[in-house]
Structures are given as structure tokens and as C-alpha cells.
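This briefing covers overall fold, surface and charge, and backbone geometry. Please keep the sequence and the coordinates open while reading.

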Amino acid sequence: MTTPVTIIGAGLGGLTLARVLHVHGIPATIYEAEASPAARSQGGMLDIHDDTGQSALQAADLMDEFRAIVLEGREATRVLTSDGTVLFDDDSTRGRPEVLRGELRRILLDSLPAGTVRWERKVSGVRALGQGRHEVTFADGTTVAASLLVGADGAWSRVRPLLSDATPEYIGRSFVETYLFDSDTRHPACAKAVGGGSLFALAPGKGIQAHRESGGTLHTYVALSKPQDWFAAIDFTDPAAAAARIAQEFDGWAPELTSLITDADTAPVLRTLSGLPVEHRWDRVPGATLLGDAAHLSAPNGEGANLAMYDGAELGKAIVAHPDDVEAALAEYEQALFPRSAAAARDGAQLHELLFGDNTPQGLIGMFTGHEQAQ
């Protein structure tokens, strides 16, 4: 294949695809809307699963680089009641080492030839040219033609409308994100509550989830099952007032838990959660496909980044296996993609029921211990 693969989006999935292709001598170009790798924070911790994320990194020949960024001990998990009582505490490893998303993205970027990623190229539209070719138009009015176009551009993909009429819909729950820095010194009660890895303090319809990142950084996601109008009534431009309103939903909870919200060192950020239909699929469109959230956006469940990387690796391997037959490669990739994505989405919905359903946190503890109910 002499024509470069055109990838929209420099997330983990698109970068993994480009890297697997590069390992096999196939050129790729990634167009990314952000201005640079440092344009924004890349999010928090990721547990990299052996059968998906790690498998993708093996295909990308980056396992040594991956092992070098693993944060030891972050697989520890504890579940607390609202008054701070520890119900479950496990510091064992489960084969899912934790890394910072930004560090993982860095090793992927560093593994690609200079110029592979074209920064500050925001896509405004895509149209078919016929015979499997597509034209991508950027916000500055410039265009490129693609013989093999891959939408790796996330939840609100500009490439997806070429293949599917589906659009993400609100799942009925949102997260509010906060950070505490230097917590062992400045917020010792919070640091003690979270421990060395992740914390879950849950009740039906809501919860406080936190993770220790590098050093004493505590990254918190507050979950609330509320309609979008409820969140729209909160003035997030007033950080103190917004934090107080969110914390009000946890009135009476232990202060070492609510302080993760009210004492935050960053303004609270609303993360609206949306998803595509569980069985999302499309008819084969010559010369184009999707991966990651563009293909199978679902409620966050620990699988999203892993699946995006796995998608990228599997698509790369299919292209390598059929270098002179784009349609055979895409058909092979999508035949496995659709059932894999649907199964992961169903698993994710079940996890959210364990986290925020009527039987929380007992159902979640049962999952960790291998029992349907906590004993």
C-alpha cells in the first residue's frame, strides 16, 4: 500500500493504528484539531488490560516503553460507606497495571516518525468522492483526499456521518471532575481515605470515585444520576458555588469524602456522559471506517481506551494482511469489531448498575470478590 492511511484524531486509538502501520512500513498521516500534544490535560489513570490494551501495545512493539510508565501499587482498590467505613480493601494486582493517559499518549507519539501528526487541523466536514475516496475539509478551508479514511475522532466524530446516522445520547448520568494536589501533606484525611489506588464511595444514583495518580495527586470523579437540565442550572463559572452545590448531594457523608469536592485545587469540571446504541453498526462503506469512541461510545467502564487501542491494532493488522485490498481489510476488521463493541457496551452497562444501582455497593464488592453478593 503506497497511499498513506488518513486518520482523523490523535487519541490513543488513532496513534496505535499509525504505530502498527509504521512497524510494518505502511505510511499514515494523522490530522488532529488540537494545537499541540500539550494543548490540554489528557485525563487520569488507565488500567491497561492484558487482552486488549496490552495486546495492542505488543502489536505496536511498545511493551518495554509501557512497562517503564506503570505506576506501581495503583491497582489497589477500596470501597467505603458514606460515613468512611472501609467495606472492602484489596491491594493485590489483577493484571491491569495503571498508567497515566498522558504518558501512554506520549510513548505512542514518540514512536511515530516526525510529521506523522498534523496538529491544529480541525475537520469541518467529510464527503465522498466516489470509488472509495473521500475529501476531508478543515476549518481553515483546506482539503485533503483520502483513499483510506479512518475516523478516530471520538464521541462527536466528523467522520461517523459517512457511515452511520447514529448520534450519542445522554445516558442519564454525569461526572464532575476535581483534583487535589500534594494531598499527603495538604489533605491528609482525603489521602488516607483514598489509599494507594482507587476509592469507591457509592449510593444508589450517585458516588464519589477517586484515584491516586503520581505522587500525592488525587483525581476525583463525582457521579450523579441527574437530567442535563439539573446540571445546566449550576453555574460552573463560579467554582466555589458549583462545588458546594455538588457536595450538597452528599450531605452527611464523611468530611474526608466531601472534601474531595469542596477542597479541590481545581475548578469542578462537568463531564456529560453519552453513548451510542449498544448494537451500533453500519453497512460497509468503501474506503472508510471508524474506531474507538467514534465507533462504539459508551458509558465509562474502564474499557474505552483499551478498546480504542485494540481497534487500532486490529485495523492495522488487517491492513497489513491485505495491503493491496482495502475493502478486504476493512470488512475483516468490522466483522470482528461489531460483536466485540456490543459485548463491551453491555458489560459497561452492567458495571454502571453495580456502581450506581439499588444494590450498590454490595454488588460491586461481589464483583471484586467473585460472589454475586458481598458476604
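A residue is called buried when its relative accessible area is under 20%, and exposed when that area is over 50%. By that cut-off, buried residues account for 53% of the 375 residues in the protein. The model is predicted.

**Overall fold**
- The protein contains 13 helices and 17 strands.
- Its radius of gyration is 21 Å, which agrees with the value near 21 Å for a compact globule of 375 residues.
- Along the principal axes, the C-alpha atoms fill a box of roughly 65 × 40 × 40 Å.
- Of the contacts between residues at least 6 apart in sequence, 70% join residues at least 24 apart.

**Surface and charge**

**Backbone geometry**
- Most residues other than glycine have a negative phi, and most peptide bonds are trans.
- The peptide bond from Thr 360 to Pro 361 is cis, with omega near 0°; Pro 361 sits in the loop between helix H12 (326–356) and helix H13 (362–369).
- Glu 120, not a glycine, has a positive phi of about 60°. Its loop runs between strand S7 (117–118) and strand S8 (123–130), and Glu 120 counts as exposed because its relative accessibility is 57%.
- Gln 131 also has a positive phi, near 55°. This residue lies in the loop between S8 and strand S9 (133–138), and Gln 131 counts as exposed because its relative accessibility is 84%.

Terms used:
Residues numbered from 1 in each chain as written. Predicted model: local features only at pLDDT ≥ 70, side-chain atom pairs only at ≥ 80, totals over all residues. Heavy atoms only, no water. Helix = DSSP H or I, 4+ residues; strand = E, 2+ residues; numbered from the N terminus. Rg over C-alpha atoms; globule rule 2.2 N^0.38 Å. Buried < 20%, exposed > 50% of the residue type's maximum accessible area, 1.4 Å probe, protein only. Contact = heavy atoms within 4.5 Å.
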